[in-house]
Amino acid sequence: MERERSRRLSGGQQQRLALAGALAPRPGLLVLDEPTANLDAEGAAALMQALGAIRGTRAATLVLIEHQVDRAWPLADVVLSLGHDGRPIDVGAPDDVLARSADAMRAAGIWLPGETARSPLARRARDEGASPDPLVRAEALRFGYDRGRPVVRDISLDAWAGERIALVGPNGSGKSTLGRLLVGLLRPDHGRVTLAGDDPARVPAATLARHAGYVFQEPERQFLAQTVGDEVRFGLTDEEHGRVDGLMQRLALPLDVFEGRSPYRLSGGEQRRLSLACILVRRPELLVLDEPTFGQDRLGYEGLLAILGEHLDEGACLVAATHDARFVDDVADRIVEIGEGWIVRDEPVAEAAA
């Protein structure tokens, strides 16, 4: 991949490239901010193995900022736990911090080792007789950013109203590209996509936003306004304006606090929730989310699941590209695995778990 343009890499591949650049000079101090975000399981395990080797040789001081504590906790000599106000809850050896402050950390929404969410979405099997026609249909899709180098290869996929589909697969397999094709952000080189009978790439943007919503892996790429309040209200109808305050409150972005803030100055997790609010306020029939749980603490994750659950229970279809096994477990009723641009597995969650 030496001659590959970095902007053409997947989000996970870009993350690994940035990490390689940071590790190559062998610095004495290495600060990593959620380094496993957007990495597939193999990439995350390899990174943690590399960090474990650095820790073992004491070649550098590691400062690791991470929500995925199951991976990070075994590496730690010292744990510093911070509350929402940025003040320390506790600091000390990992076992001591857990013994003293597990309840306080849990109340602050911090994931603890081995912990699961309190309110997973209940899986529902699709009623085969309720919706004879798929909401979205992809037929023999092929697409490449560069001529002769396809990213998506002859993919056909139907998704029905009410389905909850997890797109899984390694970094660079084509998950994000497929998601963009499904909502009309990209046009296929070959094949076609229909959303409720129409080609989404030809539907006017204002109309399409009420049928399909896409949340980017890098949410700042879709921001259009200079303040949070203007961003979440951008292009809304009067009816949609009435939903904003309650939705933002439930996503832990209350407008009495965040109204005038810049979307670009929010944390990664806050940006993710803002981008989701901008989509959900329009109540689209199809939600395509790229790594929706990145940067979320436990409370943010549970709030996200609750809001998604309500929207999906109304009949919306979810297609989520994710490496988060917890999210797949809690949400998906169908798994579609992508490998090198092909669908290599498509089955109900119950069969995948068997």
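Leu287 stands opposite Leu318 in strand 11. The model is predicted, so local features need pLDDT of at least 70 and side-chain atom pairs count only at pLDDT 80 or more, while totals for chains, interfaces and linings use all residues. Residues are numbered from 1 along each chain as its sequence is written, and side-chain values use heavy atoms, with hydrogens and water left out.

Strands are DSSP runs of E of at least two residues, numbered from the N terminus; two strands pair if DSSP finds at least two bridges between them. Strand 10 (residues 286-290) pairs with strand 11 in the parallel sense over 5 bridges. Strand 7 (residues 164-168) also runs parallel to strand 11, joined by 4 bridges, and Leu167 stands opposite Ala321.

In strand 11 (residues 317-321), 5 of 5 residues are buried, that is, under 20% relative accessible area (1.4 Å probe, protein chains only). Cys317, Val319 and Ala321 point one way, and Leu318 and Ala320 the other. Beyond its neighbours within four places in sequence, Leu318 is in contact (heavy atoms within 4.5 Å) with residues including Ile165, Leu289, Phe327 and Val331.

Leu318 is also among the residues with the most contacts inside the largest nonpolar core, which has 43 residues; Met248, Leu274, Leu289 and Phe327 are the others named. Such a core is a set of buried Ala, Val, Leu, Ile, Met, Phe, Trp, Tyr and Cys residues joined through side-chain atoms within 4.5 Å. A second, separate core of 30 residues includes Val183, Leu195, Phe216 and Ile338. In soluble globular proteins, nonpolar side chains tend to be buried together.

Terms used: Buried < 20%, exposed > 50% of the residue type's maximum accessible area, 1.4 Å probe, protein only.
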